[in-house]
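Trainee: Could you take me through one part of this model slowly? I would like a close look, with its surroundings included.

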Amino acid sequence: MAAHKLDTRVIVITGASSGIGQALAECYAKDGIVLGLTGRNQARLQNVVLTCQGKGAHVIWSVLDVTDRQGMAQWLGALDDEYPIDLVIANAGISAGTGGVLIGEDPAQVRHVFDVNLHGVLNTVEPVQERMIARGRGQIALMSSLAGYRGWPGAPAYCGSKAAVKIYGESLRGVLKKTGIRVNVVCPGFVRSRITARNAFPMPFLVEADKAAHIIAKGLKKNKGRIVFPAVSGVMSWFFMVIPDFVAQYLLSFSPDKSVENG
Ligand SMILES: NC(=O)c1ccc[n+]([C@@H]2O[C@H](COP(=O)([O-])OP(=O)(O)OC[C@H]3O[C@@H](n4cnc5c(N)ncnc54)[C@H](OP(=O)(O)O)[C@@H]3O)[C@@H](O)[C@H]2O)c1
């Protein structure tokens, strides 16, 4: 079945309490739009809700951890019963890194990063996907990263989780195409947010969150399979993906460590 044009009115965004998720919520907020927003920090989420309401959007929000599979399914199901979801953006995510500890990341930290960045995405997508399939329409956006293009030193769990999201989303796009559901994978380079605020190293081609949101919204409207930005970072990541691994490992051995903080 050919994907028909979407009238995107009901939009769910996880991790809307700051950074890219906040910017996306504020970018989409206007009269006639229903936003379903989640995050863990109530005060920050409430501020975003107020801003979006001020722009005319009807906002349904919940302080919810994306690792809470049952809680996510219940909230998304109740929202979808009242307002059938047109677009879900599985954006919530955290970062962590080795911070120069030679033995690598703490095992608990590794599990937590995968829980949030991978299982959190599945907990967001699965309950909505079933309903979209039944309706024969809808759009699912998964937040990956250029960090998912190859294993960069300094943040194995983050890279691994984002690679899994990227590959999962690309496969899902092919599988769901015949159902009329659009699936898009978002692969940003460095974007100014609470995640990158913890990076002590230089971040080339850093993009502001509101600019990132506009690029993502435009890519989703065009139904791009992969939304990659900034372009130069995308090309560099692709280059490191296709060159022989031993050359990449050598070149990347000069790159900085990432903070150990887990947020
Ligand atoms: N910034 C970058 O350079 C960059 C690049 C590529 C990809 N990304 C991805 O973009 C997404 C957004 O990150 P950001 O850069 O905007 O960072 P951010 O400002 O830290 O935002 C992360 C959002 O995710 C939420 N979140 C984290 N853990 C959660 C959990 N367990 N349950 C529910 N919500 C949770 C946070 O909510 P609370 O703060 O309320 O807990 C916050 O709203 C992430 O998936 C990240 O990996 C970022």
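Mentor: Happy to! Keep in mind that this is a predicted model. Let's begin at the ligand, which is surrounded by 30 residues, the closest being Gly15, Gly19, Arg40, Gly93 and Ser193. Two elements, helix H1 (19-28) and helix H4 (107-135), each give two or more residues to this shell, and H1 supplies the largest share, with three residues.

Now turn to strand S6, residues 181-188, where eight of the eight residues are buried. Ile181, Val183, Val185 and Cys187 point one way from the strand, while Arg182, Asn184, Val186 and Pro188 point the other way.

S6 has strand partners to look at next. Strand S5 (residues 138-143) pairs with S6 in the parallel sense over six bridges, and Leu142 has Val185 as its bridge partner in S6. Together with helix H5 (residues 156-176), S5 and S6 make a right-handed β-α-β unit. S6 also runs parallel to strand S7 (residues 226-229), joined to it by four bridges; here Val186 has Ile227 as its bridge partner. From S6 the chain crosses through helix H6 (residues 209-221) to S7, and this β-α-β crossover is left-handed, so do trace that path on your screen.

Leu142 also leads us to the largest nonpolar core, a set of 70 residues in which Leu24, Ala25, Leu35, Leu37 and Leu142 have the most contacts. Leaving aside residues up to four places away in sequence, Leu35 touches Ile11, Ile13, Ala25, Tyr28, Ala29, Cys52, Ala57 and Val59.

Methods: Residues numbered from 1 in each chain as written. Predicted model: local features only at pLDDT ≥ 70, side-chain atom pairs only at ≥ 80, totals over all residues. Near = placed C-beta within 6 Å. Core = buried A, V, L, I, M, F, W, Y, C linked by C-beta atoms within 7 Å. Buried ≥ 20, exposed ≤ 12 C-beta atoms within 10 Å, placed from the backbone. Contact = placed C-beta atoms within 7 Å. Pairing = 2+ DSSP bridges. Right-handed = clockwise from strand over helix to strand, strands pointing away.
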